[in-house]
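Here is a short briefing for a first look. Start with the overall view, then turn to the details below.

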Amino acid sequence: MSALSVKKLHVRFGSVEVLKGIDLAVESGEFIVLVGPSGCGKSTLLSIIAGLERATEGQIDIGGYEVTNVPPKDRDIAMVFQTYALYPAMSVRGNITFGMECRGVARGERDQSVDRVAKLLQIESLLDRKPSQLSGGQRQRVAMGRALVRNPALFLFDEPLSNLDAKLRVEMRMEIKRLHQRLGTTMVYVTHDQVEAMTLATRIAVMHQGRIQQFADPQTIYDQPANLFVARFMGSPPMNTFGARLQVADGELSAVVGTASGVALRLGRRVENLQEWNGRDVMLGIRPECITQPDAIRPRGFEQQIDACIEMIEPTGAETMALIRFGDHELMARLGPDARPAVGSMVRLSVDMNKTCLFDPVSEERIA
Amino acid sequence: MIDARALAPLRAALGSRIAIYALLLVFALFYLTPMMVVVLNSFRSFEEITRSSVLGFPTALRTDNWVQAWGTYCIAGACSGIKPYMWNSLMIVVPATLLSTLFGAMNGYVLSLWRFRGSNIIFGVITFGVFLPAQMKLVPWAIVLRDMGLSNSISGLVLVHVIQGLAFTTLFCRNYYLNVPQDLIKAAKIDGAGFLQIFWRIILPLSPPILIVTIIWQFTGIWNEFLYGITFSEGSQRPVTAALMALSANIAQAREYGIESAAVLIAALPTLLVYLLGGKYFVRGLTAGAVK
């Protein structure tokens, strides 16, 4: 049974169409992340699922029941907000029990629920404090406690970690993941941070300009992005994309980079259905970790060597990112942590062509 | 070591400081003198004032005038001082303040957090009421009160002050509630709270700063209000501001300046106390945000 299904959702505010036909089917127990740049419509989609806003067209089902016109309190959902949205005049205990009071839950049961949730999130010592007396991380935990206590069928998270500092963000991310493993409740999580998306999700929906660009598990999104937008958005630093010409030579497919004769990079794959692309321009997508020092390529990789000029290096401690110039293009490469090539020097690098992606330059869809 | 060149700017600063304080002192004297005259006269007996002049120091601090003004002086036929009129004022001010504050808070809540089509226009129209001169509304109110049968009653005055106060209280409360984050309302909706529940449980507990502002504003405004007070009341129903008018219009006997002074001071006391005790909360409330 699907925990959440969104069918043909259109949302228009006046003349602006914010969501242009969203279809989503989420199975029970999944952790879905809606990711995309600002303005792509992910927060609007979450609000529609929560019932805080109305759709212009379309249908929402939660737990098998249609809830398109049902108010938020009857949808069996709970939501955690970016700004925590804790009630300032109530204590932590009051914040957590407010929803139960509104529903008429008995006192004894309320206290039991609070204790259970407080133990789970380790906020027992904070129960009598006011939100203004808590730190950011504590407030976020109280907000999660308020959501947990409802035992909902669907958890909704609206960029809950955006207001936290980097270290706290990593900790809370792991706590959320642990919570999901422990409870198994379906979760829908909105973020603009693709690292959060990759680490937390069972499936990611990448959104752009009101449409879902790709809806798949993290590995597929990373290795086989559906189009150029997904390829460039996911992965940090982003995938290198540049133009090349496909050519068949000696029964093997090559991508020729640069003008005139250029540099031919053999793709090393049997790609029969690309015959029609012979001689045409494509966009080549190579991730930075696929361009590295010659001795660092994985054994299963298909290696091609290139000569490039180092423009800039960025040592991060765990690795050294290098901005290189290859022909007319500037690419990011990932070198070992101790590599310190001189700026302006020519180096020989290896490219793993196994993981390259080819995109149609006009439609921006992936062709291989 | 201090040398002469460093002293020169200091001396100039000192000089301008003295000039400023001297000027302030002159203005203070200018403004305080009438009040001093009233205070001093309230302790002087009738004979003292008539013998010398209105300006002078009391020979002894006697409370006769105060006692008479409060309980025994005759105003327009009734000889019970201004006590009953103080009571009338209280009966007008307290309900009017509480009701206009409550409705203003409600209005502010709706207009800031439950936006609907035309809410900005409605807010504009309500705020417009702040700028309407009182004299302009006198005749319309006379007609309305007459049609409702509340022409010369305390209830009529309460109605007038509640409606008139709504303009201010809505303005203050709505601008205050704009600072409440929308996420708070969303979270409450998901928790299952309805319109009124959100108001009572979440918004009102956040409101003390602005409620104090509206209460102080309304209390002092309505207590000191004269035009409507004297137009829409008569006889024993008058508020104290109107009664003071009647007190000093006594043509049957000589002017008892001492008692009049005492009466004026008694009438001014409540608002004075409100500002003395609540003044700092007033300023704090105007500059406070709703949620830290």
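What radius of gyration does chain B have, and what would a compact globule of 292 residues have? Chain B has 25 Å, whereas such a globule would have a value near 19 Å. The radius is taken over C-alpha atoms, and the globule rule is 2.2 Å times the number of residues to the power 0.38.

This is a predicted model: local features need pLDDT of at least 70, side-chain atom pairs count only at pLDDT 80 or more, and totals for chains, interfaces and linings use all residues. Residues are numbered from 1 along each chain as its sequence is written, while chains are lettered from A and ligands numbered from 1 in the order in which they are written.

**Chain B: build**
- Chain B has 13 helices and zero strands. (Helices, H or I, are DSSP runs of at least four residues; strands, E, of at least two; both are numbered from the N terminus.)
- The C-alpha trace of chain B spans about 80 × 75 × 30 Å along its principal axes.

**Chain B: packing**
- Buried residues make up 34% of the 292 in chain B. (Buried means that 20 or more other C-beta atoms, placed from the backbone, lie within 10 Å of the residue's own.)
- Among contacts in chain B with a separation of 6 or more, 76% join residues 24 or more positions apart. (Contact means C-beta atoms, placed from the backbone, within 7 Å.)

**Where chain A touches chain B**
- 18 residues of chain A are in contact with 16 residues of chain B.
- On the chain A side, strand E6 (77–80) and helix H2 (92–103) each supply at least two residues.
- H2(A) gives the largest share, four residues.

Methods: Buried ≥ 20, exposed ≤ 12 C-beta atoms within 10 Å, placed from the backbone. Contact = placed C-beta atoms within 7 Å.
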